[in-house]
Amino acid sequence: MIISICLLIATSGIEFHTDPVVYRTTLEIEDTISHTIETGEIFYAEFNCEIPYNELDYESAEDIIFANVIIPFKIRDLTRPDSLIDTLYRQFTLPSFSYAAKQRVSFIVQFGTYLTEGRFNYSIEILSGDKRGISEAVLEITDEDYGMSDILLSSEITIDTAGTYLKKGNLRVIPRPSHSFDERFENLCFYYELYDVVPTYDTVTATYLILSREGKIVRKISRPIDKVFPSQAANCGFNVLGLEPGEYDLLISIED
């Protein structure tokens, strides 16, 4: 699972949130000479970044307010001499600063890469004008930890009708890497995947708990999940307006 120590360094002011989520998937390798196909397990590490609009450096042209952002990304294998280095380029626009302030606009960036089991150090930089921020942490992936994926916290999950960005199958899932919810983002939604499911006409029972930091159950929902596919996607959500301000834990329990 994800091991934790996230360093947020803003050398010239950019502070942003990063939420890595790991999924397990099947890789098929075809030998074109022997015409055989081998399958194996591999992991997809998805990185979700949330950048508050006021952290960026803006320009304007022809009544358009925009920020050009460069996102260098590096992941280094801590047990083998392998590394991946890439750079993303994004341009974000605002209708006006007053609108952005009222709506508390944040920009979401999502990207990922395939990884094997192991320990990895990753770093993500955000560069905008003269501003810079960096997020670094260690990601540890072991097969035994992934009977289900990590949990992707989201501010909204809807049916995807346009084939747009931030999609999972037929769903559009908008990540909330800050893990903060309030009257603006009143629905705490989440997406995850189950693996090694034996398809039958039966179901498994998913129990979702929101716990206070003292371990008290403050919200509980149980839902059946049909055992349809070997890899089964699931999602749910809570309205959080009735909760007292504070920090909570989300626990998902699957019973078969």
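Is Cys-189 buried or exposed?

1. Cys-189 is buried, at a relative accessible area of 11%. The threshold for that label is a relative accessible area under 20%. Cys-49 also counts as buried, with a relative accessibility of 1%.

2. The model under review is predicted. The average pLDDT of the protein chain is 90, and 95% of the residues reach a score of at least 70.

3. On the cysteines, the structure holds zero disulfides. Cys-189 takes part in no disulfide: the nearest cysteine sulfur belongs to Cys-236 and is 8.4 Å away. A disulfide would require the two sulfur atoms to lie within 2.5 Å, so the sulfur of Cys-236, at 8.4 Å, does not qualify as a partner.

4. Turning to the rings, the structure holds twelve aromatic pairs. One of them joins Tyr-58 and Phe-97 in an edge-to-face arrangement, with 5.4 Å centre to centre and 85° between the planes. Tyr-58 is located in the loop between strand 3 (36-52) and strand 4 (59-61), while Phe-97 belongs to helix 1 (residues 97-103); the pair therefore ties together parts that are 39 residues apart in sequence. As to accessibility, Tyr-58 counts as buried at 18%, whereas Phe-97 is partly exposed, with a relative accessible area of 42%.

5. Phe-190 and Tyr-208 also form an edge-to-face aromatic pair, with a centre-to-centre distance of 4.9 Å and an angle of 75° between the planes. Because Phe-190 lies in strand 13 (residues 187-194) and Tyr-208 in strand 14 (residues 203-212), this pair ties together parts that are 18 residues apart in sequence. Phe-190 is buried, with a relative accessible area of 0%, and Tyr-208 counts as buried at 1% relative accessibility.

6. Ring pairs also connect Phe-47, Phe-73, Phe-111 and Tyr-122 into a cluster.

7. Two arginines are placed over the ring of Phe-185. Arg-176 lies over the face of Phe-185 at 3.8 Å from the ring centre. Arg-184 has its charged end over the ring of Phe-185, 4.9 Å from the centre.

Conventions: Residues numbered from 1 in each chain as written. Predicted model: local features only at pLDDT ≥ 70, side-chain atom pairs only at ≥ 80, totals over all residues. Heavy atoms only, no water. pLDDT = per-residue confidence, 0-100. Buried < 20%, exposed > 50% of the residue type's maximum accessible area, 1.4 Å probe, protein only. Phe/Tyr/Trp six-rings, centres within 6.5 Å; stacked < 30°, edge-to-face > 60°. Helix = DSSP H or I, 4+ residues; strand = E, 2+ residues; numbered from the N terminus. Lys NZ or Arg CZ within 6 Å of the ring centre and 35° of its normal.
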